[in-house]
Every structure is written in C-alpha cells, then in structure tokens.
Amino acid sequence: MYLDLLLNLALLVAITVLSGFVAKRWRYGTRRGAAVQGLLFGAAAVLGMMRPFVLAPGLIFDGRSVVLSLAALFFGPVTAVVSATITVVYRAWLGGPGATMGVMTALISGGLGLYFRARWRRGV
C-alpha cells in the first residue's frame, strides 16, 4: 500500500527534475516550451493513473489533480491545455463508473491552477 504512495511521490520528484531540463532547453514562456511541459505533465498524470494509491476498494488517489494544477499554475494555459487534454482522453478511455468524475477532476484542477496563476500574477 505504501509502495504505491511512494511511487507517486517519486514520480512528482522526477517530473520536477525533467521539467528543469525542459526549461533549460526551451526558454520559459515560449509556446514550444509550454507544449513540451504539457506533454511531460500529461504523461506524468497518466503514469500516476496507471499506478494509483488504493486506500480502500473504490477509494483511490493518483495525484492527477496535483500534477495538473501545478502545471497550470507554474507554466500557464498552453501547458494546462496540453496536459489536461492528455489526462482527459486517457481517463475517458479507461471508462467505468468514475469516468465522468475523473474527467471533471482533471478539468477543474487545470482550471484552478490557471485561476490562481492569474491571481498570483496580479499580486492579489
């Protein structure tokens, strides 16, 4: 049980390191850099969904909301759209009774990240 949680946390650390490499390769604020960051964070969210932390049958945590909201907060709308699209498509493809909630979680997480980014940039 704790191994899955540890793997999710390790994935977040790995994304942080890879994101730094991407930022060095493509300047911060360019569309290409933002799109590559989106691919990175989208892939991380999908990997997290493939190996969720199961607290109880039917009650899981996969870190997707954390990954998507941080991607939107720190890298902006292009990154948010790319990463959320990847995540939404994968979650819809998985199907099941939680598909609608999973898709909404991805969209709301990206949206909240963008909302707080706008507030942060305005200094509010």
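Me: Which residues is Asn8 in contact with, leaving aside its neighbours within four places in sequence?

Reply: This is a predicted model, and contact here means heavy atoms within 4.5 Å. In this structure, Asn8 is in contact with Gly48, Arg51, Pro52, Phe53, Phe61 and Asp62, its neighbours within four places in sequence being left aside. Asn8 itself belongs to helix α1, residues 2–25.

Me: Is Asn8 buried or exposed?

Reply: A residue is called buried under 20% relative accessible area. Asn8 has 8% relative accessibility and therefore counts as buried.

Me: Where is Thr87 placed, and what does it touch?

Reply: Thr87 is found in helix α4, which covers residues 77–94. Its relative accessibility is 0%, so Thr87 counts as buried. Not counting residues up to four places away in sequence, Thr87 touches Gly42, Ala45, Met49, Arg64, Leu68 and Ala106.

Me: How many aromatic pairs does the structure hold?

Reply: The structure holds 4 aromatic pairs. One of them joins Tyr115 and Phe116: the ring centres are 5.0 Å apart and the planes stand at 80°, so the pair is edge-to-face. In general, a pair of aromatic rings is described by the distance of the centres and the angle of the planes. The cut-off that applies to the angle is over 60 degrees for edge-to-face.

Me: Where does Tyr115 lie, and how accessible are Tyr115 and Phe116?

Reply: Tyr115 lies in helix α5. With a relative accessible area of 42%, Tyr115 is partly exposed; Phe116, at 45% relative accessibility, likewise counts as partly exposed. Tyr115 and Ala71 are 44 residues apart along the chain, and their C-alpha atoms are separated by 12 Å.

Me: What sits over the ring of Trp26?

Reply: The charged end of Arg25 sits over that ring, 5.0 Å from the ring centre.

Technical notes:
Residues are numbered from 1 along each chain as its sequence is written. This is a predicted model: local features need pLDDT of at least 70, side-chain atom pairs count only at pLDDT 80 or more; totals for chains, interfaces and linings use all residues. Side-chain values use heavy atoms; hydrogens and water are left out. Rings of Phe, Tyr and Trp (its six-membered ring) pair if their centres lie within 6.5 Å; planes under 30 degrees apart count as stacked, over 60 as edge-to-face and the rest as tilted. Buried means under 20% relative accessible area, exposed over 50%, partly exposed in between (1.4 Å probe, protein chains only). A charge sits over a ring if NZ of Lys or CZ of Arg is within 6 Å of the ring centre and within 35 degrees of the ring normal. Helices (H or I, at least four residues) and strands (E, at least two) are DSSP runs, numbered from the N terminus.
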